[in-house]
Amino acid sequence: MDISFEGLKVMVIDDSKTIRRTAEMLLQRVGCDVVTAVDGFEALAKIADYKPEIIFIDVVMPRLDGYQTCAIVKNNKDFADTPVIMLSSKDGLFDKARGRIVGADEYLTKPFSKDDLYTAIQQHHKADR
């Protein structure tokens, strides 16, 4: 697979160290510059400094969950256009609809594959890079 997202700034927010590390490794393999956060609070502190071009957010996290984090990101005029991809083991219609309501651009069900990640980036990242 000849996919390259060289220099693309990606944020992965998940309370699971395994998921964070796996996603980080897969994204770095294709040239992404990855920063991670363990929950929404940590992510919000990092987003302003890092300015990610795409954000992957776990739905179920302590303190500030993925839906709340996505809503805050999408309601900030500086980041409203940043694609947000929700990550969850919940794949019910209600869960996906709730993601859309808070502004998520895509909803990936865990376990996800590297192809799922790469396809989501291709579909939602602006092609003018």
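A: Lys-9 lies over the face of Tyr-50, at 5.6 Å from the ring centre; a charge is said to sit over a ring if NZ of Lys or CZ of Arg is within 6 Å of the ring centre and within 35 degrees of the ring normal. This is a predicted model, in which local features need pLDDT of at least 70 and side-chain atom pairs count only at pLDDT 80 or more, while totals for chains, interfaces and linings use all residues. Residues are numbered from 1 along each chain as its sequence is written, and side-chain values use heavy atoms, with hydrogens and water left out.

A search of the whole structure for aromatic pairs finds one. The partners are Phe-5 and Tyr-118, whose ring centres are 6.3 Å apart and whose planes make an angle of 55 degrees, which is called tilted. Rings of Phe, Tyr and Trp (its six-membered ring) pair if their centres lie within 6.5 Å, and planes under 30 degrees apart count as stacked, over 60 as edge-to-face and the rest as tilted. Phe-5 lies in the segment before strand S1 (9-13) and Tyr-118 in helix H5 (residues 114-124), so the pair ties together parts that are 113 residues apart in sequence. Helices (H or I, at least four residues) and strands (E, at least two) are DSSP runs, numbered from the N terminus. Phe-5 is buried at 11% relative accessibility, and Tyr-118 is buried too, at 3%; buried means under 20% relative accessible area, exposed over 50%, and partly exposed in between (1.4 Å probe, protein chains only).

Helix H5, which holds Tyr-118, also packs with helix H1 (residues 17-29), at an angle of about 60 degrees and with the axes 10 Å apart. That makes H1 oblique to H5, since angles under 35 degrees count as roughly parallel, over 145 as roughly antiparallel, 65 to 115 as roughly perpendicular and the rest as oblique. Axes are lines fitted to C-alpha atoms, for helices over the stretch in contact, and angles run from 0 to 180 degrees between N-to-C directions.

Finally, a UniProt record (unreviewed entry) places the feature "modified residue: 4-aspartylphosphate" at Asp-58; UniProt positions follow the numbering used here, feature names are shortened, and annotations may be inferred rather than shown by experiment. In the model, Asp-58 is in strand S3 (residues 54-58), and at 3% relative accessibility Asp-58 counts as buried.
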